[in-house]
Amino acid sequence: MAVREKGLLAAGAAFVALAGLGFSTLGKVEATTANSTLNQQAPTLLAQKLKTLTIVFPSRADSTDLQNKANSVGAFLSKELGIPVKAQVGDDTAAVEALRANRADVAFLSSRPALKAEQLANSRLYLAEVRDNYSGRHTYSSVFVVPSNSPLKSRNNAKATLEQLRGKKMAFTSPTSGSGFIFPVSELVKQGFVQSSDRLNGFFGQISYGGNYSKALQAVLRGQADVAVVSEYALNSPYITPEEKSQLRVLHRISGVPAHGIAIDDDVPAPDREKIINALLKLNQSQNNQLLRNLYNSTELVRVDHNRHLAPIRDALTRVGIAP
């Protein structure tokens, strides 16, 4: 929680001295004095509040040369906000820990780490990513994928479709993947096929974990698995080739998986947080949009309500008996 100080009024003087708050990524709060020259010259009032801003950009499979791309976004935001912006690259776990330890102020996070950041750092999502290959704009689908010539067929409802998987060889992405494990297992629990995530062997004949989307799909392509579960966008490059895609089809789709978003730590005061959000939203403008697209192939950022956006993953975790 940010520390607040009372402003001091100089009685009998011809001017008013305004005391502001300065927040650093080390979690320290300092008082700064705003004068009329600074008010006229600074691009925003944020320079009076924050000394620096640190943003963590998690590495993802479909993003290359991420540090340079993140640096470009950092430079853009620095110009917009009038303060130095440091871009750091790490995985989701490192991003959450940086928020918790007050070593970072903002982080791009997927849905489950966003819940962890809320739990450990009281950080919240304020923006979500939109992609061309998301079926729900800022939500996407978890898909059960089978060979194009598989005898398994999409039925009239989820229960009838998924019943066919009994005794089959299943390739999950990883035990921590939302679309590649948590959402599909949640659906199996919902339909009454399994009781929890540790009871899968009683339904499937064989279970494997690819470790990533590409390897899970390769297990199906090579005949090592009858079905795999991945994100819908994994049915495209760079995960598989167009030729490989032609050999696969979607058996069943679970919609509403929350898109990755941008979390801001609660140490950032509300007025400053709004300025950061507005600066990030300027990445949607045509002259700046390539900076956003370069990061994670996102086309747009949209405002979201933290609780509403993350409700599907929270519910799925509860259903399968896994903590955030």
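Helix H2 passes helix H10 in a left-handed crossing. In this predicted model, the axes of H2 (residues 66-81) and H10 (residues 289-296) come within 9 Å and cross at roughly 150°. Angles over 145 degrees count as roughly antiparallel, so H2 is roughly antiparallel to H10. On the H2 side, the contact is made by Leu 66, Lys 69, Ala 70, Ser 72, Val 73 and Phe 76. H10 contributes Leu 291, Asn 294, Leu 295 and Tyr 296. By class, the residues of this contact are seven nonpolar, two polar and one charged.

The crossing of H6 and H11 is left-handed. From H6, the residues in contact are Ile 182, Phe 183, Val 185, Ser 186, Val 189 and Lys 190. They meet Pro 312, Ile 313, Ala 316, Leu 317, Arg 319 and Val 320 in H11. The contact of H6 with H11 divides into nine nonpolar, one polar and two charged residues.

| H2 and H10 | roughly 150° | within 9 Å | seven nonpolar, two polar, one charged |

Now the sheets. An open sheet of six strands runs in the order E4-E3-E5-E12-E6-E13, with mixed pairing. Strand E4 (85-90) and strand E13 (300-303) stand at its edges. Each has a single partner strand, so one side of each is left without a neighbour in the sheet. Neighbouring strands here are turned by 25° against each other on average, direction ignored. Within this sheet, strand E5 (residues 106-109) pairs with strand E12 (residues 261-264) in the antiparallel sense over four bridges. Val 106 has Ile 264 in E12 as its bridge partner. Helix H4 (residues 111-121) lies across E5 and strand E6 (124-130). H4 runs at about 145° to E5.

An open sheet of five strands has the order E9-E8-E10-E7-E11, also with mixed pairing. Its edge strands are E9 (206-209) and E11 (248-258), each pairing on one side only. Neighbouring strands of this sheet are turned by 20° against each other on average, direction ignored. Strand E8 (residues 169-172) runs parallel to E9 and is joined to it by four bridges. Ala 171 stands opposite Ser 208 in E9. Helix H7 (residues 213-221) lies across strand E7 (139-147), E8, strand E10 (227-231) and E11. H7 runs at about 155° to E10.

Two backbone details deserve a look. Most residues other than glycine have a negative phi, and most peptide bonds are trans. The peptide bond from Ser 237 to Pro 238 is cis, with omega near 10°. Pro 238 lies in the loop between E10 and helix H8 (242-245). Asn 102 is not a glycine, yet has a positive phi of about 60°. Asn 102 is found in the loop between helix H3 (92-100) and E5.

How far can the coordinates be trusted? Where pLDDT is low, the predicted coordinates should not be read in detail. The mean pLDDT of the protein chain is 87. Of its residues, 85% reach 70 or more. Over residues 1-48, pLDDT stays under 50. For that stretch the model has 73 contacts beyond four places in sequence.

Note on methods: Residues are numbered from 1 along each chain as its sequence is written. This is a predicted model: local features need pLDDT of at least 70, side-chain atom pairs count only at pLDDT 80 or more; totals for chains, interfaces and linings use all residues. Side-chain values use heavy atoms; hydrogens and water are left out. Two strands pair if DSSP finds at least two bridges between them. Axes are lines fitted to C-alpha atoms, for helices over the stretch in contact, and angles run from 0 to 180 degrees between N-to-C directions. Contact means heavy atoms within 4.5 Å. pLDDT is the predictor's confidence in each residue, from 0 to 100. A crossing is left-handed if the near helix is turned anticlockwise from the far one by less than a right angle, and right-handed if clockwise. Ala, Val, Leu, Ile, Met, Phe, Trp, Tyr, Cys and Pro count as nonpolar, Asp, Glu, Lys and Arg as charged, and the others, Gly among them, as polar. Angles under 35 degrees count as roughly parallel, over 145 as roughly antiparallel, 65 to 115 as roughly perpendicular and the rest as oblique.
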